[in-house]
Amino acid sequence: MGGSEVILLCILLGSVGFFMLLIFLVPLHIRMKGSFGGEEWVVALVMSWAGLGIRVDNRAEWEVNFLVGNTPVMRIPLPSDEDDTRSEDAGGEEEPGIPDLQTIREAGAALPHLVRFLRDLFAHTGVEKIRLWFRGGFGDPIITGEVFGVVQALNGMLWPTPVRLEMEPLFTDEDAAGEAELSLCIRRPVALFVSAGRMALQPESRAAIQTMTRGEG
């Protein structure tokens with residue numbers, strides 16, 4: 001083996017090792033945010049890993065954006081409620097069926113595997129930030145002030161934690177508003193993929209998935 005082939009092999013092995021290092025060590029960040037004000041509400045979900053991400057939100061309409069860094073590179077609109085209504089009108093009304101005993105048994109048999117996956121999920125997930133903000137009043141300035149004082153006290157008690165509570169007291173007839181934000185970090189996403197694959201390969205899980213896919217019940 002010549003010197004150039006050795007260098008090429010080292011570069012190949014180094015690239016594979018670097019990619020495996022990314023898979024095992026780079027965390028997956030999940031951020032969920034929702035807000036309302038008056039009659040408008042906005043919900044957003046962002047998942048990012050190694051500079052790549054997906055964002056689902058309803059700013060103008062429900063859509064999925066694929067991100068490189070924070071820059072959208074592809075946008076896919078999701079079906080709206082009006083589209084679903086038109087399709088239901090065209091196809092006729094379908095009454096939801098009641099699950100039969102066999103379906104319930106299959107779902108119950110797969111439940112321990114789902115619980116095991118959820119346990120793995122909680123074990124590898126850390127909370128980075130929980131923020132709750134709202135603006136509102138309670139009709140009585142005294143009660144509004146008392147609630148504001150309680151919120152301030154709770155926020156001080158929670159200061160060492162990632163939880164933040166914020167309130168803007170409202171003493172007028174303005175519309176109430178609120179905002180909630182949750183940031184999670186999955187430290188080893190590959191472990192969850194392995195756990196999810198193990199759950200999906202179980203005979204009980206496959207039977208439950210096949211039943212739901214066929215639409216039985």
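These are my notebook entries on a predicted model of one protein chain.

**Ground rules.** I number residues from 1 along each chain as its sequence is written, and side-chain values use heavy atoms, with hydrogens and water left out. Because the model is predicted, local features need pLDDT of at least 70 and side-chain atom pairs count only at pLDDT 80 or more, while totals for chains, interfaces and linings use all residues.

**Overview.** I looked up the secondary structure and found six helices and eight strands. Helices (H or I, at least four residues) and strands (E, at least two) are DSSP runs, numbered from the N terminus. Along the sequence the order is α-β-β-β-β-β-α-α-β-α-β-β-α-α. Of the 217 residues, 21% count as buried; buried means under 20% relative accessible area, exposed over 50%, and partly exposed in between (1.4 Å probe, protein chains only).

**Strands β4 and β5.** I looked at β4 (63-68) and β5 (residues 71-77), which run antiparallel and are joined by six bridges. Two strands pair if DSSP finds at least two bridges between them. F66 has M74 in β5 as its bridge partner. The two strands form a hairpin with two residues between them, and G69 in the turn has a positive phi of about 70°.

**Salt bridges.** I searched the whole structure and got eight salt bridges. A salt bridge is a side-chain nitrogen of Lys or Arg within 4 Å of a carboxyl oxygen of Asp or Glu. R75 and E63 form one, at 2.3 Å from N to O. R75 lies in β5 and E63 in β4, so the pair ties together parts that are 12 residues apart in sequence. R75 is partly exposed at 45% relative accessibility, whereas E63 is buried at 12%. D120 and R198 form another, at 3.5 Å. D57 and R55 have their closest N and O atoms 2.9 Å apart, and both residues are buried.

**T144.** Is T144 buried or exposed? T144 is buried, because its relative accessibility is 2%. T144 lies in helix α4 (residues 141-157). Its side chain reaches the backbone nitrogen of F138 at 3.0 Å. Beyond its neighbours within four places in sequence, T144 is in contact (heavy atoms within 4.5 Å) with residues including G136, M167 and F171.

Terms used. Polar contact = N/O pair within 3.5 Å; in protein donor to acceptor, adjacent residues only side chain to side chain.
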